[in-house]
Amino acid sequence: MAAPTSALAPKTLAILKRLGVPAGAYAESGLTARCPIDGRPIATLATTSESEAKAAIGRAYEAFLAWRAVPAPRRGEFVRLLGEELRAAKEDLGRLVSIEAGKIVSEGLGEVQEMIDICDYAVGLSRQLFGLTIATERPEHRMMETWHPLGVCGVISAFNFPVAVWSWNAALAFVCGDSVVWKPSEKTPLTALAVQALVERAGARFGGIPRGLSEVLIGEREIGAALVADERVPVVSATGSTRMGREVAPVLAARFARAILELGGNNAAIVAPSADLDLALRAIAFAAMGTAGQRCTTLRRLFVHESVYDALVPKLAAAYGSVSVGDPLKAGTLVGPLIDAAAWRGMEQALADARAAGGTVHGGTRVDTGAPDAFYARPALVEMPAHDGPVLRETFAPILYVLRYREIGEAIALNNAVGAGLSSSIFTLDMREAELFVSAAGSDCGIANVNIGPSGAEIGGAFGGEKETGGGREAGSDAWKAYMRRATNTINYGRTLPLAQGVTFDIG
């Protein structure tokens, strides 16, 4: 017997209609979109078959051939209009993110703000796709590098940031001259359809964009696999687990395609003796409990110096015991639901393993909100005797493992002693400790912060990490280069032909 429809379904469908999602997106059978707030279905969506996916990629390739000829500042104008559409739709799209991903209201709105911010960034970037002029050893020659559009950009996104991650890729890809094919998480397909409708609105205002410039594939993992395997897609940005990355990377490597991988993150923070403990407490609470522990940058390991452990950890335990858990759409809620039953089972297993390893667990119980099909959990603070067992693996749930340390070198070594290398932070007022942490001898993560938590990155910096996090970079800095191809050009404006390295080749 099918589960009853979510009480939020009528409001959700009304939002989707306002955002421009067509009635043809829904079907009698297909992919069921569920609401983690009550665990019940919202709608059933028409899914993309493998043949339809191939056709969509074909349209995207043809769109790329046309779009690459559009001047980059004009491409930036399209992204500017997309940013305007996102501003106008911020309340509706933010609410939709909260309904489908379970985020509290401010986080749902904040995710849409990230989309707006990256559009603004990309508009400026459209006039700054710079190449270098390079000194040449040959007289009457000029050497330079130029950057050209790469092709179809595939985007595979995860449920926890259902729209922001797409925008980090798409906004840059569009201004770089690429088309985009998006396979959203099967857990959050509604937000993808809404964004696609906004792209089409922006395209209409632009005066028309090539058909296929933005495509969405709705379905399970086999549709994502088809996207990864298609020879017409030279770059794929994939966000998800390290396991997923191990499946995606070899396929892309076998066909010499580029991979932008954003995978696991077992992130840590260090609280040093000199730390501002009030500031650290607030930062740790958000980083560890925000989004119900379902951010790739969530704080999962905390190393506290033995001299301040007893001053900080009891206050942290009290915060864990009092934080409001419940309906994310209600004012005052700070922790919403886990995405589904599998996430709750993973949390239960990790806490059982922690207890078996000698850990003391504060919290971690399921919270009854009157919705038996939803999974709410009180965040868990776990004092561990050793950096071992479940501490070494990422559990996508609100679990924070806490350990004591004595020396800064020991704490940095523990920070680095896991497979992932995404984000990290230190709380200290000691300049030497701060500088050591961000130096080559410090954190081995792609993000290393001082006196803020590891979570909540801004779009101006390149987002991504090392080791099992995959090495990919998205959003700011020079991440745009991943969506373009570089050409080195040498131009001879003289009448002779001097060869490099002093080579002579005289044919008479």
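**Sheet and cysteines**

Analyst: In this predicted model, Ile-426 stands opposite Val-450 in β19.

User: Which strand do four bridges join to β19, and how do the two run?
Analyst: The strand spans residues 423-427. Four bridges join this strand to β19, and the two run parallel. The strand asked for is β18, and the direction is parallel.

User: Which strands stand at the edges of the open sheet?
Analyst: Seven strands form the sheet, in the order β12-β15-β16-β11-β10-β18-β19, with mixed pairing. An edge strand here has a single partner, so one side of it is left without a neighbour in the sheet. The edge strands are β12 (360-363) and β19 (447-450).

User: Which helix lies across β10, β11, β16 and β18, and at what angle does it run to β11?
Analyst: Helix α12 (residues 341-356) lies across β12, β15 and β16, running at about 25° to β16. The helix that lies across β10, β11, β16 and β18 spans residues 408-416. That helix is α13, running to β11 at about 170°.

User: Is Cys-445 buried or exposed, and what is its relative accessible area?
Analyst: Buried means under 20% relative accessible area. Cys-296 is buried at 17%. Cys-445 is also buried, and its relative accessible area is 14%.

Definitions and conventions:
Residues are numbered from 1 along each chain as its sequence is written. This is a predicted model: local features need pLDDT of at least 70, side-chain atom pairs count only at pLDDT 80 or more; totals for chains, interfaces and linings use all residues. Side-chain values use heavy atoms; hydrogens and water are left out. Buried means under 20% relative accessible area, exposed over 50%, partly exposed in between (1.4 Å probe, protein chains only). Two strands pair if DSSP finds at least two bridges between them. Contact means heavy atoms within 4.5 Å. Axes are lines fitted to C-alpha atoms, for helices over the stretch in contact, and angles run from 0 to 180 degrees between N-to-C directions.
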